[in-house]
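This briefing is written for someone meeting the structure for the first time. Please look over the sequence and the model before reading on.

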Amino acid sequence: MASEQAGEPTPVTLWLDPVCPFTWNTARWLQAAVEAGVAAIDWRLLNLAVLNEGRELPAPQQARMADSRRVGRLMAAIRRDVGVEALVTAYFTFGEAYFDQSAPVDEALAAKVLAAVGAAEITPAVLDDDSLDELIAQSHQAAQDAYGATGGSPLLTINGHTFFGPVFTELPALESVASDFAAVVTLTAMPQFTQIERPRVH
């Protein structure tokens with residue numbers, strides 16, 4: 001909390017899979033915290049397809065994992081070749097199309113994302129470039145190592161502690177984002193804190 005008291009944004013590492021719908025809410029909330037000047041985010045990738053390798057999943061989840069693998073390649077290439085700031089732009093461009101407009105993961109969507117970041121050296125065919133899978137696996141493993149267990153999206157690291165969540169069923173009201181974020185930071189500063197959960201209301 002010292003950095004917040006000094007008026008400096010709190011450093012946060014956010015590990016995410018771009019196709020996770022709950023992470024879409026968390027990421028937009030965290031971006032609002034950045035805009036409010038209370039958070040500074042290091043955006044990194046984990047991968048739900050890697051997480052669920054070898055598991056029998058229902059058809060809708062299998063489709064989501066296929067999206068995870070292909071979009072993971074797109075985002076990993078952008079982060080590697082263009083940088084973290086480009087990844088942020090790419091993620092929000094993707095999310096608005098994928099979650100808000102129900103756009104399918106195809107080369108047209110990839111082209112839209114690449115155009116948003118000016119990544120002319122990357123083509124939409126990157127969706128099927130399995131040479132990126134090792135890079136994705138390494139980033140995913142780094143997320144698991146930070147967490148210290150098996151964890152999905154999103155994972156956050158604050159004050160040296162990595163935890164799953166926060167998970168929102170919808171985007172929270174942003175008027176109180178600074179105080180809400182401060183509450184999360186306070187919890188993560190407690191070494192005894194591990195988990196808080198309640199049933200989803202919808």
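Two elements, β4 (161–164) and α8 (177–188), each supply at least two residues of the lining of the largest pocket; helices (H or I, at least four residues) and strands (E, at least two) are DSSP runs, numbered from the N terminus. The model is predicted, so local features need pLDDT of at least 70 and side-chain atom pairs count only at pLDDT 80 or more, while totals for chains, interfaces and linings use all residues. Residues are numbered from 1 along each chain as its sequence is written, and side-chain values use heavy atoms, with hydrogens and water left out.

**Pockets**

- A pocket is an open set of points on a 1 Å grid over the protein atoms alone, where a 1.4 Å probe fits, with protein on both sides within 12 Å along at least five of seven lines, and its lining residues have an atom within 4 Å of a point.
- The largest pocket holds about 1,000 Å³ of space, where a volume is the space filled by probe spheres set on the points, which are joined across faces, edges and corners.
- Its lining has 26 residues, and Pro166, Val167, Ile196, Glu197 and Arg198 lie nearest the centre, while α8 gives the most to this lining, with 5 residues.
- The lining of the largest pocket divides into 15 nonpolar, 6 polar and 5 charged residues, with Ala, Val, Leu, Ile, Met, Phe, Trp, Tyr, Cys and Pro counted as nonpolar, Asp, Glu, Lys and Arg as charged, and the others, Gly among them, as polar.
- The second largest pocket, with a volume of about 400 Å³, is lined by 17 residues, of which Cys20, Leu48, Asn52, Gln61 and Met65 lie nearest its centre.
- At least two residues of the lining of the second largest pocket come from each of α2 (21–35), α3 (48–51) and α4 (59–81), and α4 gives the most, with 4 residues.

**Nonpolar cores**

- A nonpolar core is a set of buried Ala, Val, Leu, Ile, Met, Phe, Trp, Tyr and Cys residues joined through side-chain atoms within 4.5 Å, and buried means under 20% relative accessible area, exposed over 50% and partly exposed in between (1.4 Å probe, protein chains only).
- The largest nonpolar core has 52 residues, and Trp43, Leu74, Met75, Ile78, Phe94 and Phe181 touch the most other members.
- Elements that give two or more residues to this core include β1 (10–16), β2 (39–45) and α6 (107–117), whereas α5 gives the most, with 10 residues.
- A second, separate core of 9 residues includes Leu46, Leu51, Met65 and Ala143.

**Salt bridges**

- The whole structure contains 6 salt bridges, each being a side-chain nitrogen of Lys or Arg within 4 Å of a carboxyl oxygen of Asp or Glu.
- Arg69 and Glu53 meet through their side chains in a salt bridge (3.3 Å, N to O); Arg69 lies in helix α4 and Glu53 in the loop between α3 and α4, so the pair ties together parts that are 16 residues apart in sequence.
- Asp133 forms a salt bridge with Arg73, and the closest N and O atoms are 2.8 Å apart; this pair links distant parts of the chain, with Asp133 in helix α7 (residues 133–147) and Arg73 in helix α4, 60 residues apart.
- Within that pair, Asp133 is partly exposed at 22% relative accessible area, whereas Arg73 is buried at 9%.
- A network of salt bridges links Asp42, Arg44 and Arg79.
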